[in-house]
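Hi there,

My notes on what turned up follow below.

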Protein chains: 2
Amino acid sequence: MDIESIREGKLGSTPAYTGPLHSDPFLASAFAHEGVHSNREVSAWLEVRQAANHFRVTKKPLEELRGWRIDPESGNIVHQSGRFFSIEGISIRTNFGRTESWMQPIIVQRDIGILGFLTQRIQGVLHFLVQAKMEPGNVNILQLSPTVQATPSNYTRVHGGGSTPYLEYFLEPGAALVHVDQLQSEQGSRFLRKRNRNMIVEIPAHEPVPQHPDFCWLTLGQLFQLLRVDNLVNMDSRTVLSAVRFGEGMRPEVIGAGESSNSFADEVLLSLLAPDHRAQHHFDYLLSFLTRLKAKYLLNVEVVPLNCVRDWRLENGVVRHVSGRFFSVIGVGVEAGSREVRQWDQPLIESAKGGIIMFVCQRRNGILHFLVQARVEPGNFDAIELAPTVQCTPSNYGPGAVLPPFVEYVNGECGELRYCAAQSEEGGRFYHDCNTYQIVEADETADFKLPENYIWMSLQQIKNFIRFNNMFNIEARGLLSCISVTLP
Amino acid sequence: MDIESIREGKLGSTPAYTGPLHSDPFLASAFAHEGVHSNREVSAWLEVRQAANHFRVTKKPLEELRGWRIDPESGNIVHQSGRFFSIEGISIRTNFGRTESWMQPIIVQRDIGILGFLTQRIQGVLHFLVQAKMEPGNVNILQLSPTVQATPSNYTRVHGGGSTPYLEYFLEPGAALVHVDQLQSEQGSRFLRKRNRNMIVEIPAHEPVPQHPDFCWLTLGQLFQLLRVDNLVNMDSRTVLSAVRFGEGMRPEVIGAGESSNSFADEVLLSLLAPDHRAQHHFDYLLSFLTRLKAKYLLNVEVVPLNCVRDWRLENGVVRHVSGRFFSVIGVGVEAGSREVRQWDQPLIESAKGGIIMFVCQRRNGILHFLVQARVEPGNFDAIELAPTVQCTPSNYGPGAVLPPFVEYVNGECGELRYCAAQSEEGGRFYHDCNTYQIVEADETADFKLPENYIWMSLQQIKNFIRFNNMFNIEARGLLSCISVTLP
């Protein structure tokens, strides 16, 4: 699907829902397929922002990045202020997976940033303030970010740029209601134990909020539609949206959904509302699954100088693996019209293309369950995080190598393809990094043989894990945020 | 209270409860003040075990410990096998509290051990299999431990000792029901990121379990009585018991408890069952409290050689602080009759005496709330864990120093003393380490001014945090386990 569909208003036809679910502000917002701005207006706004903002990104050698230097001793790529982030090396040993030890470059960023949506009830419906934000690594330059997406290095103005709009609502919520405030991880294969505060803050309905041309109020129903458009809702928006809990404490009877639910959205809603005892495994069993694997699998990560990282080389201004696979560290120069600083250089990670991020789900005991993978990644804060059923980039596997389990479900070759879109990883760190995000529903009769690190969970159980930090990885969270409770 | 009261049967008089709460096996077990073994029999069994088991502990210089060596380069105290644990040094920097940087010795133990209770329904009531276990550091030699208390170094028999009874139920639960399986922290001021698996496993009622003279089946009601005896239920038992969740999903109406509950046990039960919206803060607000502090407070810990630790010295066979305060690392020689190995030496930590571990609680909105402290300790896995209202050793404060907030509640000098006992820290690592454990209920009219790192939580909220690892510290968990849902 592309943004044309939104302009054409193809998705905004369902009338706003006013049933008993309406008592939950997030569900009510999800059922609002249009908001104070119609989908046509949103589409027009996006076009205007795209035209209004000048942005040019050019690749340049790492050695020539203004404001950055390659430390002569370690080879690490660091900002001259010592802030922002750096590219360093790590040496990994683990008994998980087929590779027992390797070295790789990694992004080190100690700052805990804020990814926050400001929300407010407008005409009784909760709206989210999204930002049309340009990032150098975005394949299409402009994507929709949370209201605030900033690290202390940004908002304490290390780079001497402008202030971050709306930041004060997150630093000092005051009378605002904090719905979500969690520390959540980012890519464990690219960042060393990086975490951000994922926040959703609701300001009182009567409180005036300053307008800004780069910002727009959208309902969750509108966001779910935009999440079907390729590369539009950015990674930071997706991770925050994954923390939304729907219909907490509601009984599944209220939706009239049961064994006979007939749309995928009904199944999703039922899986969100189903009490623990209707799921295949009790939540304590899921905790035990995770504990057992954390006790079994070791992860030893040592930070090493970038120039000591075996099999990786800085050549022609780029750090890359000798095989050409995995990822490279490249440099870019940026000219911008709408950012705090109008011109800057920075390193970005350019990953191998063709990544697949997919959940297989299946109705089990009448409830939709998702097949979750426990996975060791080198940058994980606590060795293991829960991941999508499939998270891989096939081109990174050598010729003849066996691909990970359940790849046969990709593209719905078995089962029904319930969701498919290209989604981008964070354009502030990743260069043109788009992955295929899919949800595939397996037939109820399909039989699964699970490796020891895979397990079925209901959506309510998944949401219960997400509430606590470092449980679900960002790939899983980013995909879960795409699952609409209302769209077919 | 001492063990005489148990022998006299003073506590076992309440008849077993058979009301609607009985549908929860943990509540039903808590209401069973006697089990298959009467309290008299339990007391007699303890006396017999004490007499049957020969155990002698003698202090000896660290340099003379058989099987251990002081590494000539680092000064670290290590086992010759490289297993078990070691005493190393750490250098700490933090912006939490008054001391910005210091160095100290710390116990390093990478193994994840198992602390597990085997349970079984006997005559319909869930019983816990406790072990009368001798540990060299126990002030009274014998205490009640979980069924299994073992690290991989023990049960893979690095020391060449006997096998660990009942271990197989935890490593391969098979048909058993896993009620609890969590990774939980130990003392963050003494251990570097140490965690154990806390487990409660229920084996089917019909399955025969081998008998062993050092083991005895007790109800939770009996354990709550024994938790009122000084230094009897050991630290490892307490941490596992703190994970028990009572009356999950039950509505508070079933206990007939409400605004008019008239015993402390009723208040406790109501606080365990009360839905989130009846608590002072929504659970999301509590998560936000923790997230905000984790983003604000930094903890930087670097492992250093023990002989580089400033202000600490190895003198006369003991590692101690130049001021004589805090703690020392001492050596002991052990002769035992009931342990896997009959004779061994090991280092132990001897802490300053007079520690206080206390929760202040108060009825707020008609629900009992506990005043919880967020606290940075150097060995914490994630910088901050939630701790009791007061956790301090006054003798560690220099003359004229200001003691931490709320110490005025100690001994119930304000408010009602609801629980008071001396409890021991783990006798396998700590030498004669007893602290005063207290619960004090403040008057409903008492007004509290809270520092930014203190917050009120209901017991249900606390239990919800404990379910996830590294949220509540072991001091808090050990004290929470002492709060009976049935005893006055």
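A residue is called buried when its relative accessible area is under 20%, exposed when that area is over 50%, and partly exposed in between. With 41% relative accessibility, R193(A) therefore counts as partly exposed. Please keep in mind throughout that this is a predicted model.

**Two residues with positive phi**

R193(A) sits in the loop that connects β10 (177-185) and β11 (195-203) of chain A. Its phi is near 50°, a positive value in a residue other than glycine. For background, most residues other than glycine have a negative phi. N316(B) also has a positive phi, near 55°. The place of N316(B) is the loop between β14 (312-315) and β15 (318-321) of chain B. N316(B) counts as exposed, because its relative accessibility is 74%.

**How the two chains are related**

Chain B can be superposed on chain A by a rotation of 180° with 0.0 Å of shift along the axis, and the RMSD is 0.0 Å. The two copies are thus related as by a two-fold rotation axis. Which C-alpha of chain B is nearest the axis? That of F468(B), 3.9 Å from it. Both copies use the same surface, as 100% of the contact residues of chain B recur in chain A.

**Salt bridges**

Over all chains, a search of the whole structure gives 38 salt bridges.

- E350(B) and K59(B) form a salt bridge, with their closest N and O atoms 3.1 Å apart. E350(B) lies in strand β17 (residues 343-351) of chain B and K59(B) in strand β1 (residues 55-60) of chain B, so this pair ties together parts that are 291 residues apart in sequence. K59(B) counts as partly exposed, because its relative accessibility is 46%.
- D181(B) and R197(B) form a salt bridge in which the closest N and O atoms are 2.8 Å apart. D181(B) belongs to strand β10 (residues 177-185) of chain B and R197(B) to strand β11 (residues 195-203) of chain B, 16 residues apart. Both D181(B) and R197(B) are buried.
- E444(B) meets R363(B) in a salt bridge at 4.0 Å, N to O. E444(B) is in the loop between β23 (434-441) and β24 (454-458) of chain B, and R363(B) is in strand β18 (residues 355-364) of chain B, 81 residues apart. E444(B) is exposed, because its relative accessible area is 52%, whereas R363(B) counts as buried at 10%.
- A network of salt bridges links R245(A), E248(A) and R467(A) with D284(B).

E426(A) is placed in the loop between β22 (416-424) and β23 (434-441) of chain A. Apart from neighbours within four places in sequence, E426(A) is in contact with E135(A), Q149(A), M235(A) and D236(A).

**Covered strands and helices**

Strand β8 (residues 142-145) of chain B is covered on both faces: L142(B) and L144(B) are buried on one side, and Q143(B) and S145(B) are buried on the other. Strand β7 (residues 125-134) of chain B runs antiparallel to β8(B) and is joined to it by four bridges. Within this pairing, M134(B) stands opposite L142(B).

Helix α10 (residues 459-466) of chain A is mostly covered, with seven of its eight residues buried. Among the buried residues of α10(A) are L459(A), Q461(A), K463(A) and F465(A).

Helix α11 (residues 474-480) of chain B holds A476(B). A476(B) is buried, because its relative accessible area is 0%. Leaving out neighbours within four places in sequence, A476(B) is in contact with F359(B), L386(B), A387(B) and P388(B). From A476(B) to Y285(B) is 20 Å, C-alpha to C-alpha, and 191 residues in sequence.

Best wishes

Note on methods
Residues numbered from 1 in each chain as written. Chains lettered and ligands numbered in written order. Predicted model: local features only at pLDDT ≥ 70, side-chain atom pairs only at ≥ 80, totals over all residues. Heavy atoms only, no water. Contact = heavy atoms within 4.5 Å. Least-squares fit on C-alpha atoms with pLDDT ≥ 70 in both. Buried < 20%, exposed > 50% of the residue type's maximum accessible area, 1.4 Å probe, protein only. Pairing = 2+ DSSP bridges. Salt bridge = Lys/Arg side-chain N within 4 Å of Asp/Glu carboxyl O.
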